[in-house]
Amino acid sequence: MSEIIIGIDLGTTNSEVAIVENGIVSVIADGEGRKMLPSFVGIGESGEILVGEPARNQYILYPERTIKSIKRRMGEDIQVELAGKHYSPQEISAVILKQLKSVAEDYVKKPVHKAVITVPAYFSDSQRQATREAGEIAGLEVVRIINEPTAAALAYEARHEGRKRILVYDLGGGTFDVSVVSIEDDVVEVLASHGNNKLGGDDFDAKIVQHIVSHIHEKHGIDLAESRHVMARVNRAAESAKRALSDQPFVRIDEEYLIEKEGTPIHLSLELSRYEYEAMIAEYIDETLEAVHIAVSGANMTASDIDEILLVGGSTRTPVIGERLFAEFGVEPQRNIDPDLCVAMGASIQAGIIAGESVSAVLVDVTPYTYGTSAIGDIGNGDYYYPFKYVPIIRKNSPLPVSKTEAFYTAADGQEEVLVRIFQGEDQDALNNIEIGEFLVKGLRKVPAGNLITIKLALDLNGILHVSAQEKETGLEKSITINNAIARFEGMEIGHAQARVNALFGGADTGDWVEAQADTEAEEHQAQVKARAVVDKAQTLLEKASHEDREDIIDLIEQIKDNLAGEDFEAIETATNRLADILYYLDV
Ligand code: AMP
């Protein structure tokens, strides 16, 4: 076995350690199964040293006994105070590194002496030097310092081909960095970087905290900010609400007995929608996108030169980030490696290369397909009310298991039922994707259009897809399980064939959709469009048909034309479907 070199992501908010063994990359978990060590160092009640979670937990209550974000001070000639004593930033970082070293030693059951450590691309020489020193203090020879975006690129591209230009968007708890990286053969190069080392997920939390504080103030006339204990709870509640909103469109923030007013307990119960939350953080997201453009032009490139976008850092789980990047670059950001762990993985790949390991690509269980439903919307074909716009819910390459919920609204007044159709595929026209299941939700309240229905898709490691739809107001729910959602069409012709045929014919069955029942006119319009497309296609394929088929085709064309003229929609549909069936077998 080659010598052991670990890879460490020494982060502002969290740190991780990873290793490559027999070509396989793994991020090492501590004795309690945690892979992320909060970058907090503290001194506990009885003078003991606290690293990670216990230090983070006491931070808001005992800031004088806790240090966070020491990474920001690396390279400065200062001392920080901890429980009355003074330490250099290197020493505090060394405490974190020592903890990671011991997690790794418990795992490999051997002493570990060497590490590759990552730093932000913008780190100066003195900051890099301070990082090396921290390693030495912790008993680790730092065999190489590598840039974080380089590590991220290595994690994704351990076995790449050709040349690629990659945008690495890294938004953590307290810092934002964006880099343009070029990777060619074994050379990974950071071409340009930009960022803001005072922007991150903590700012997002702060917006939710503000929202809660003003809500309580308006409702009860109390200022929560006066109590540190209460603010610690509000902070935690805000952060978990934020995380929940990455996977679902609404969250309820409930904190019982938050505070007392004249002897009466006050409970917090507040609903926050993703929509409201996105408005709160919009200014921050805009700022990151400006930085992205500065980095891209700093690399003498334009958006179209970027081949791939990698998301790094826990805050990139916020869906609007991926959506905005996709809108600006036309490239779907990669999501298959855990954004919190990919820098540590890349560091360990670099470590493995130095140690002489042959490193294979990072293995992850991901969904190879996108799953979603259909709703009324614009797909760029001039029809703003196209009834089968595909709305992806779980995206291709999401690590498994994954669970996502989206919100939909009924479009018709008094709509009492809704047909939920589930598709697999990428096309923005749902009918060009493969339908894998459908179910009807009945008994909705008779209310005006705009009744909120949430649809949840949960896909597990075995490829089982659970789908549920819920009327938010009443909790009325209906669900189905699709057993082999992933395997279903793998390698089978049917999926391709259906997609091809649907694409040719401009749509398949008409039916209900999630947001609304089709209004009859739109349905009829669809039937006409489809019928004309099928007739056109049939005429071009007549030559290929056998004598017998040709007669049938000509008969059906005539029937459809008569039915179109007579506006007999049922007959149009039946004849069109029969004709489409015949063509399907011709068009090979
Ligand atoms: P990092 O510094 O990369 O470890 O990122 C930590 C930040 O990611 C913190 O602000 C977390 O609150 C944030 N974060 C973690 N998970 C999520 C999530 N599911 N959605 C949004 N933010 C998240």
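Trainee: How many helices and strands does the chain have?
Mentor: This is a predicted model, where local features need pLDDT of at least 70, side-chain atom pairs count only at pLDDT 80 or more, and totals for chains, interfaces and linings use all residues. Residues are numbered from 1 along each chain as its sequence is written, and side-chain values use heavy atoms, leaving out hydrogens and water. Helices (H or I, at least four residues) and strands (E, at least two) are DSSP runs, numbered from the N terminus. On that basis the chain has 13 helices and 25 strands.

Trainee: What share of the residues is buried?
Mentor: Buried means under 20% relative accessible area (1.4 Å probe, protein chains only). The chain has 588 residues, and the buried share is 50%.

Trainee: How many bridges join E21 to E22?
Mentor: E21 covers residues 417-424 and runs antiparallel to E22. Val418 sits opposite Val441 in E22. The bridge count for E21 and E22 is 8.

Trainee: And what percentage of contacts between residues at least 6 apart in sequence joins residues at least 24 apart?
Mentor: Contact means heavy atoms within 4.5 Å. Take the chain's contacts between residues at least 6 apart in sequence; the share joining residues at least 24 apart is 65%.

How values were computed:
Pairing = 2+ DSSP bridges.
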